[in-house]
Amino acid sequence: MWNRLPGVWICVAIAIASVLFALLATNAYYTSLVVWVLTNAVLASALRFVLQIGELNIATAAFFGIGAYTTAITAVLLGWPFWLTLLLAPLVAGALSALFGWVTLRTKGPYFLLVSFAVTEVVRLIYTQTNAIGGNSGLVGMFPPMAIDAYYPALAVALLAATLFALYGVERSDLGRLFKAIENNDAIPRSVGLNVVLLKVLCVVIAGSAVGLAGGLHAYANNVIAPSDFTFFVAILALAYVKIGGEGHALGPVLGAALLTLVGQWVAGISAWENIFYGAVIVVTLLVFPGGLVGLAARARGLVTRSAR
Amino acid sequence: MNAAVSMPAGGEVILRAENLERRFGGLTAVSGFSFELREGEILGLIGPNGAGKSTTFNLISGFLRPSGGRLFVKGRDVTGASAKTISRLGLVRTFQHDSLLSEMSVVDNILIGTYHQRLAHEKRMEKVREVASMTGLADHLQTTAGNLPHGLQRMLSIAIALAAEPQILCLDEPLTGLQGAEVSSALELFEKLRTTHGLTILLVEHNMRAVMRACDRVIVLNYGRLLAEGSPETVSRDEAVIEAYLGRGR
């Protein structure tokens, strides 16, 4: 089902239902929860998107923060129009992703992971050390215009869902095939005249722009942002969503993000045990069903098909 | 097939290496190695293990930068140029190991070879079908490359290179692990690529019988240096080659 068109239409139907829910629900907690689930889904999908070229990009968290800070700075400090502040989030995050990718993607595997981790922490420290953008306290007061305010959750859900479909579209395109080829054996694309570094940078830019937009939307959804919102732990949680949902299909990170975010609401009250809970869930998932939820679904489908024969 | 051909096919020089050198720390893998490849010929590059064949391949395809010497493709100095630049000039290589995208389908593997040029999807697929048919992969397009039998995997690595429309095809031990009939059909393919498609082929191969059958000319490397050069017959009778490579008993 996952690789066929009906699966895509089911996802479109769920996305439309989510937008309608965000539009019509009267309980602000539930609407914000839907926005939060989709924000996490974009973070996880972007992380998985870069995993296509074989790299674990911890700086996903940094570009989420850059998107959020871009929107917050231009909205609160500069007073720029809402749509412009939102548009700048993916553009600035994408541009900085390009610079980051061009410098760092000549490294691979653990080296790239360490560099991306360092970049995330350096960016966070820059926020904390810069009083003009609120230092440790961050920025407050990002509100959508009055005319949009009531519809903002629906707008955010629509844009986040569109971002997820865009990432899926790229994955299924020729470009996605090239990303997979790089992950599989980058010497082959090099040998037939392709610029592998440029393709890797493009992959990071697309993912960076996606989380940049999510960051911008998060700034307006939350009204307040602080450096502590954008630590490397954001990327670690996104990795947990990917692993629990399953890496084998674009739907995996979305399912993982939905499950863990919703369960996270329940465990949020158990303080220090919260992180232990996440860790335990990841370990159990990797041990019991390493393909995640989508792998489990594929296995179940295989069993059903076999028993039907 | 071409055992009677003693002279290189009479085209222009399409690839020239001058005093090529590559050092890895204290080890000199290739030293003062010069050779020419002429348009339309099949040139064999042979030598014992560790002779520097793979390093030479990496140097001429841009996967390694030479420590010294110069390299010209179609008259253009490409010394130190990237693999992308050299490939786009028409020199495309295959690999001895990890020569395909094992987790992807055959069609996706061959498609990768077409992406250096802008083409409509249907044109790309046309190219894929043409190359697949030429290499005996037409019935396996949806198979995952890693699940293909070994012989077809070797063919697939050639198919990827062919999809990139090379003028110079550099084949790194393409016959390794192939059985008799597979070797024959591979050699027929090389000949067809030369005669029908006008390709120039540089062949690194350990199967000496195949090299003697397929190549117009053979160059022999030993300890990173040129040991002998000439027609397959000349080289196979060369005392130094027999001693260094073929063995005294043969």
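This is a predicted model: local features need pLDDT of at least 70, side-chain atom pairs count only at pLDDT 80 or more; totals for chains, interfaces and linings use all residues.
Residues are numbered from 1 along each chain as its sequence is written, and chains are lettered from A in the order in which they are written. Local features need pLDDT of at least 70, side-chain atom pairs count only at pLDDT 80 or more, totals for chains, interfaces and linings use all residues, and side-chain values use heavy atoms, without hydrogens or water.

Student: How many residues of chain A are in contact with chain B?

Tutor: Contact means heavy atoms within 4.5 Å. On the side of chain B, 25 residues take part, and their partners in chain A number 17.

Student: What area do chain B and chain A bury between them?

Tutor: Buried area is the accessible area (1.4 Å probe, Shrake-Rupley method) that two parts lose on being put together, summed over both. Carbon and sulfur atoms hold 62% of the area buried here, and the total is about 1800 Å².

Student: Which element gives the most to the side of chain B that touches chain A?

Tutor: Helices (H or I, at least four residues) and strands (E, at least two) are DSSP runs, numbered from the N terminus. Across the interface, nine residue pairs are in polar contact, both at pLDDT 80 or more; such a contact is a pair of N or O atoms within 3.5 Å, one able to donate a hydrogen and the other to accept it, and residues adjacent in sequence count only if both atoms are side-chain atoms. The elements of chain B that give two or more residues to this side are helix 2 (83-88), strand 6 (91-93) and helix 3 (106-112). With four residues, the element that gives the most is helix 2 of chain B.

Student: Which residue of chain B forms a salt bridge with A:D174?

Tutor: A salt bridge is a side-chain nitrogen of Lys or Arg within 4 Å of a carboxyl oxygen of Asp or Glu, and the rule finds two across the interface of chain B and chain A. A:D174, A:R177, B:D108 and B:R124 are linked in a network of salt bridges. The closest N and O atoms of the pair in question are 4.0 Å apart, and the partner of A:D174 is B:R124.

Student: Are B:D172 and B:R93 buried or exposed?

Tutor: These two side chains meet in a salt bridge (3.6 Å, N to O). The pair links distant parts of the chain, as B:D172 is in strand 7 (residues 168-172) and B:R93 in strand 6 of chain B, 79 residues apart. Under 20% relative accessible area is buried, over 50% exposed, and in between partly exposed (1.4 Å probe, protein chains only). Both B:D172 and B:R93 are buried.

Student: What is the relative accessible area of B:K127?

Tutor: B:K127 forms a salt bridge with B:E165, their closest N and O atoms being 3.1 Å apart. B:K127 lies in helix 4 (residues 121-134) of chain B and B:E165 in the loop between helix 5 (150-163) and strand 7, so the pair ties together parts 38 residues apart in sequence. B:E165 counts as partly exposed because its relative accessibility is 40%. B:K127 is buried, with a relative accessible area of 13%.
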